[in-house]
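Hello,

I am handing over the structure below, with notes on what was found in it. Please look through it before reading on.

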2 protein chains.
Amino acid sequence: MDLIEKIRNVPDFPKPGIGFKDITTLLADGKALRQAVQMMLNLYENQKIDSIIGIESRGFIFAGILAYELGIGMIPVRKPGKLPYKTIAAHYDLEYGTDSLEIHADAVKRNDRVLIVDDLLATGGTVEATASLVEQLGGIVVGCCFLIELDFLNARKRLTRYSINSLIHFDV
Amino acid sequence: MDLIEKIRNVPDFPKPGIGFKDITTLLADGKALRQAVQMMLNLYENQKIDSIIGIESRGFIFAGILAYELGIGMIPVRKPGKLPYKTIAAHYDLEYGTDSLEIHADAVKRNDRVLIVDDLLATGGTVEATASLVEQLGGIVVGCCFLIELDFLNARKRLTRYSINSLIHFDV
């Protein structure tokens, strides 16, 4: 199955001129969901990984499944104020202004090998911030894994320090 | 393993006097995560289920894993404005005012048998709204499954029409 056919393009969302890549059509198809997860697992089968980070909120879906399959822990990275315990934060740029992401300060231990997972790689700002959170806590970013990558936004140019894998690529 | 020991109580979050049940300590433990999912699967092993609904955002974690394990689709129910395609909405009461949840209008088909999953059952408002979304689309709520239930909030009183299962109970 070609997974790209399971992604729905929604024109003019969230604003005019933007074509939104809707993954709910892939999630709704049990076979497509299984295939996507198996493809992600195959990418890392020879790697030692201690835990999987999921970036709020769609990243939670794939991060949870991968952690479950590998028998390791899943760590949520969330928007400010959502995590209840002691956190650290990293900021990233938006089109206008900045935003930030948080992780529990005890979520990653020194030298833990962590895989970062999200549904979509766009400009890479949230991923860069998440990698910074891992490194602030002394962890090692084994890689960053995405269901979809928007190649035309060139996120890899800012993420050269990391190993990036995406299952589905869009060039427009 | 007694899963209740994997839940961290965070006092005074999100506001003074509230003891927050932090599931990140359970998620971070690969064995506890696997056990929780296996216990959920055991609860429904004789049921015909067509898809699993996860309620934003922590509900996505367990809903995704259950859907993956059962080889069926996962459907996100989200806060307003997050889902890109045509949606329907259901409202629920907050302490002050109301909020709403949305589902894609094509996510549930007539007579689909749907399991609703979230991390925590508190007053039951979001679950009731989610069940209403399923029923508006002609689906059947097979059950509602939670990692944690706050028994003292008596959600079951308002959810009498549904089969409720929770793995961990708190009575204070």
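**Cysteines**

A:Cys144 has a relative accessible area of 0% and is therefore buried (buried means under 20% relative accessible area, exposed over 50%, and partly exposed in between, with a 1.4 Å probe and protein chains only). The closest cysteine sulfur to that of A:Cys144 belongs to A:Cys145 and is 9.0 Å away, too far for a bond. A disulfide is taken here as a pair of cysteine sulfur atoms within 2.5 Å, and by this rule the count over all chains is zero. In chain B, B:Cys144 is in no disulfide either, with the sulfur of B:Cys145 the nearest at 9.0 Å. B:Cys144 is buried as well, at a relative accessible area of 0%.

**How to read the values**

This is a predicted model, in which local features need pLDDT of at least 70 and side-chain atom pairs count only at pLDDT 80 or more, while totals for chains, interfaces and linings use all residues. Residues are numbered from 1 along each chain as its sequence is written, chains are lettered from A and ligands numbered from 1 in the order in which they are written, and side-chain values use heavy atoms, with hydrogens and water left out.

**The sheet in chain A**

Helices (H or I, at least four residues) and strands (E, at least two) are DSSP runs, numbered from the N terminus. Two strands pair if DSSP finds at least two bridges between them. In chain A, five strands make an open sheet in the order S4-S3-S7-S8-S9, with parallel pairing. Strand S4 (73-77) and strand S9 (164-170) of chain A are the edge strands, and each pairs on one side only. On average, neighbouring strands of this sheet are turned by 20° against each other, direction ignored. For such angles, axes are lines fitted to C-alpha atoms, for helices over the stretch in contact, and the angles run from 0 to 180 degrees between N-to-C directions.

Strand S7 (residues 113-121) and strand S8 (residues 140-150) of chain A run parallel and are joined by eight bridges. A:Val117 has A:Cys145 in S8(A) as its bridge partner. S8(A) is in turn joined to S9(A) by six bridges, again in parallel, and A:Phe146 stands opposite A:Ser166 in S9(A). Although S9(A) is an edge strand, five of its seven residues are buried.

Helix H3 (residues 59-70) of chain A lies across strand S3 (51-55), S4, S7 and S8, at about 165° to S3(A). Another helix of chain A, H4 (residues 125-136), contains A:Val134. A:Val134 counts as buried because its relative accessibility is 0%. Leaving out residues up to four places away in sequence, A:Val134 touches A:Ile53, A:Val108, A:Val114, A:Ile116, A:Gly139, A:Ile140 and A:Val141 (contact means heavy atoms within 4.5 Å). A:Ile53 is 81 residues from A:Val134 in sequence, and their C-alpha atoms are 9.2 Å apart in space.

**The sheet in chain B**

Chain B has an open sheet of five strands in the order S4-S3-S7-S8-S9, with parallel pairing. Its edges are strand S4 (73-77) and strand S9 (164-170), each with a single partner strand, so one side of each has no neighbour in the sheet. The twist from one strand to the next averages 20°. Strand S3 (residues 51-55) and strand S7 (residues 113-121) of chain B pair in the parallel sense over four bridges, and B:Ile52 has B:Leu115 in S7(B) as its bridge partner.

A:Pro14 lies in the loop between strand S1 (8-11) and strand S2 (19-22) of chain A. The peptide bond from A:Phe13 to A:Pro14 is cis, with omega near 0°. A:Asp12 is found in the loop between S1 and S2 too, and has a positive phi of about 60° although it is not a glycine. Most residues other than glycine have a negative phi, and most peptide bonds are trans. In chain B, the bond from B:Phe13 to B:Pro14 is cis, and B:Asp12 has a positive phi of about 60°. B:Asp12 is partly exposed, with a relative accessible area of 48%.

Regards
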